[in-house]
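Here are my notes on the two-chain model, written as numbered points. Have the structure open while you go through them.

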Amino acid sequence: MREHRLNASNASSSRLARRVGLRAVRFLNLGAAVLVSAALLYVSFFGAGPLPALGPAFNPETGAWTMGADAASYGTQTLHLDGLQKPAKVVLEANGTAHISATTDHDLFLAIGYVHAKFRLFQMDLLRRQGEGRLSEVLGRGSNDDVLNSDRFELQLGLLRTAQKEWEQLPKDNPSRIAILAYAQGVNDRIEDAKRTHQLPAMFTLLGYEPKPWTPIDSLIVKGDMTQTLNFTDTPLVMALLDKSLGPDLTAEWFPVLPPNPQSPYDPGPYAPRTDVGKIAPMRAVSDGEASAVASLYDRLHSLPRGLIATGGASNNWAVAGSKSVSGGALMAGDPHLHLTLPAIWFQVTLDSPGYHVAGVTIPGAPAVVIGHNRHISWSLTDAQNQQTFFYEEKEDKAHPNQYSWNGSWKQYTTVSYDIPVLGSSPDHLTVKLSVHGPVISERGLTTSVWWAGNVPSQDFQVLLGIDQAGNFQEFRDALRDWYSPTHNFVYADDQGNVGLISAGYYPQVAPGCEPWLPMPGTGEDDVIGTIPYEQIPQVYNPPNGIVWSANQRQVAADYPYYIGTALNFFDPGYRANEILRFLNDKLQKGGKLTAADMMALQTDTRDYLAGNMVPFLIRALAGQTLTGNDKAAYDALSSWNYRMDKDSTPASIWWVFWQSYLSATFDPWWSTHKVKVDRSDGGNSNPLNDMLGQDLEAWTSRDPTNPAFTLVGSAQNADDVMRAAFHTAVVSLASRLGSDPKKWTWGRIHTREVENLAQISGLTYGPLPDSGDRFTPLAAPDFPSAHGPSWRMVVDWGAQTFSGIYPGGQSENPASPWYSNGVTTWWNGKYAPMLDFDHAASSPGAAVWRLQA
Amino acid sequence: MSARRRFALVLVGGILLSLSGMFLGLWWVTFATGVAIGLALPRTWTAPVAGAISGLAAWSEPLIEANAQYGLGPTSLSIAAIMGANGAALIPIALTVIVGVLLGLAGSWLGAAIRGVALNSPRSGAVEKLGDQRLEVKDPVLTQR
């Protein structure tokens, strides 16, 4: 009995234990299920590390896979757009070129907005976010806070404040206000459409956010981005650092106002007189404190993402009068050189409405054709590169906190505060101080503010729309009167055979005796006092030789009576301009007349003008020397070279490596002994510093071979000594890099080109592939690999009424679209596509029609 | 209703529910459907199987349909490039399907686990009784009695 009780008790305990164990297992199972589910849901909702939020990203119905559905949605269809006044049409050519026809101007701009957003919404969002300092909101702080630093800098610089002022100042009945508003409506129509049909671009899904509605300010910001990229410079800081390390005299000699070599200004004068021209020499000495503050600011600016500071420009344009062409009509060619990206900065359109009949390229986010033609005129632009950025050192005193001395009195800084939203962390608070000169962008050591022409409110869309509608040079010139920044060389040709070129924009002037090439005192005496009168800015119309041309060279000759910038800030050395002039003159002298085919050939010309000048000096220096092996082979190759930087050329490689070696051999010892804090290699071969030093080297080699600059190089006494050493160094370097057979040292093995994906996704980048050209050839291809160059090529023959254009990209930002990169191959091969009008486009094979209805 | 029929009904319903959710951008409906499947099916092994199948079907069907309409190649290659797996078009497809399967599987596992705990709770008399009976039959001590 007792045993039975004991057994019963044991059994009961065992049962209980099993029940407890089983329940524990079930709870453990539940716990494990909860944990695994939570982890999976977290990654699916929020992503982890490099993984995007898996759920929305990979949802086949609404995630990244919708790229395919979007790419398949370009066909003929009817679309309903809010705000449309009357039905409109969009024709899409088989290559994606968009042609918009509307019965009111309002509807035309609304339709442009819709079409831009349909194909480029993510790009547009990035562009506005960049200028508005809102990238951190969707990208986070970035590595080393680079994204947040970009936002901080943009808000300090003030594109947003300028855009807000521009919008406030735009009269209610101004046509550009109407255009910008209608455009915003069109963009928002597309955003709503895309949200409703789950067709937002995949990058939104992958980054986990939706675009906010488009506003007029956004369009003004996009234009501001371009202004900043093209002409916000830091050259006065560079000059100050050079001054401090090399000394004022050497800096003035090596970095003069006027270029040391002959260039080909398109406006050679004569000019209206002016006597109060500032001179660069003698240059004042920069103090230790000033140099320290400048160095700090310079480092900050150079740590910003690429594109925020203009470091050099490269574009070509020219026109030939009807009297000099085979067709009897004017010829025009333009190829603006910009960062080559997929999607491209350009979107090609033809626009037809009661007020507009214009074709060309637009910038997504902006409702105007920037480069193109209408029924009577055509135009293109290059960056004019005059100085539009001035730095001021504000005078402060501890007795006057938060004030600066200006014009004899203490003035309070204005402040503006921002809270920058940052993905994954709390908002970053930023207070921006503003002096009369502009925003304070550094308070380390000295308080430095910046006056930048891009911060002067301007009605640029009004100007662009005026150009789009202009019918002759007078109207074209009148429209450009209100163009402030960036200063551009606008080339012109019309259906009457006329040609012209005008460098429109602000040319800020300071009082005589000031030194705008260095940071200036902010006490008032050195303030910008005005700009060159419009009638006296560089311009030319129907010159006697019948040709006009620009390639970022200094536009005017030495006797131009105004200061427009130093040779370092940051005019092109002029080699492309010289080559263009040489080509055109050569053709005119030989054959008498030019054709559109000549224009196309010149746009892809690979002749290096500098090589044509310098190689004969090298050959002469090497002549009489006992050369053997690779040195002899390289010498022979150079001796018979045509100076073309073709990708299969071996002398092209020898020349380029020699020139870099020659620059290094001459200047590196100076940089080392004087501890120069400006990095010559910064920015690669796009560094304007190297361009300037190259001009010096060219001048000394040809006219001053015993310049003291050569004496720091070992035992060298003159240019010939240094050239011979640099040549040997180049040959050894090439053999080391490309093998011992000089016949295999082709340029294409060194020099490649790529068209980068805008989001820096290497798998969506085109290239890099071997390509011809260098930074000095009309076919511009700076850097290694080169991601900069002709972003749009256009050739117009008004006599034959032919209009051709191509850009290295495609109309769509969607990488799954057939229009993502379909123009690249054509462009790469130097070919063009005809720029059709609306009717021809509508009847072209494979065209799709969108009927737009309210 | 037979277990097999119940399984089929729950599975088809789950697939349809999951597909509808995804079409609306509600990808998490696949998981929620899995939970429902786990709660609805009595046997522990059937729920995960049904959940996984519903996830697989719901996340595969749109891909199959898209492939038939305009081809998945360019899209898949583009996604692979964005992922840093240039040229590996199968990876995004596989990853998509795996995400669907995992969501369905995890959901159904969670559902089944909840069911397991809830139905064996002391406050649930019927289930407790079933458990006692099974214990009594298998307990050698009690059998002796």
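1. A quick definition before the interface numbers: two residues are in contact when they have heavy atoms within 4.5 Å of each other. Keep in mind, too, that this is a predicted model.

2. How many residues meet between the chains? On that cut-off, 46 residues of chain B are in contact with 43 residues of chain A. The area buried between chain B and chain A comes to about 3,900 Å², and carbon and sulfur atoms give 75% of it. If you want a few side chains to look at, pick B:W27, B:I82 and B:W109: they supply 17% of the area that chain B buries against chain A, more than any other three residues.

3. Which parts of chain B do the touching? The elements that give two or more residues to the side facing chain A are α1, α3 (46–70), α4 (73–83), α5 (90–119), α6 (125–138) and α7 (140–144) of chain B. Of these, α5(B) gives the most, with 14 residues.

4. Of its 145 residues, 46% count as buried. Among contacts in chain B with a separation of 6 or more, 63% are between residues 24 or more positions apart. The accessible surface of chain B is about 7,600 Å², with 68% belonging to carbon and sulfur atoms.

5. Have a look at the surface as well. A:Y42, A:F45, A:F46, B:F23, B:L24, B:L26 and B:W28 form a nonpolar patch there, with about 770 Å² of accessible area together. Helix α1 (residues 2–46) of chain A brings the largest share of that patch, three residues.

6. Where does B:L24 lie? B:L24 is in the loop between α1 (3–23) and α2 (29–40) of chain B. Is B:L24 buried or exposed? B:L24 counts as exposed because its relative accessible area is 54%, and the cut-off for exposed is over 50%.

Notes
Residues numbered from 1 in each chain as written. Chains lettered and ligands numbered in written order. Predicted model: local features only at pLDDT ≥ 70, side-chain atom pairs only at ≥ 80, totals over all residues. Heavy atoms only, no water. Patch = residues over 30% accessible without salt bridge, like charges linked within 9 Å, V, L, I, M, F, W, Y side chains within 5 Å. Areas by Shrake-Rupley, 256 points an atom, 1.4 Å probe, with all protein chains shown as cover. Salt bridge = Lys/Arg side-chain N within 4 Å of Asp/Glu carboxyl O. Helix = DSSP H or I, 4+ residues; strand = E, 2+ residues; numbered from the N terminus. Buried < 20%, exposed > 50% of the residue type's maximum accessible area, 1.4 Å probe, protein only. Buried area = accessible area lost by both parts, 1.4 Å probe.
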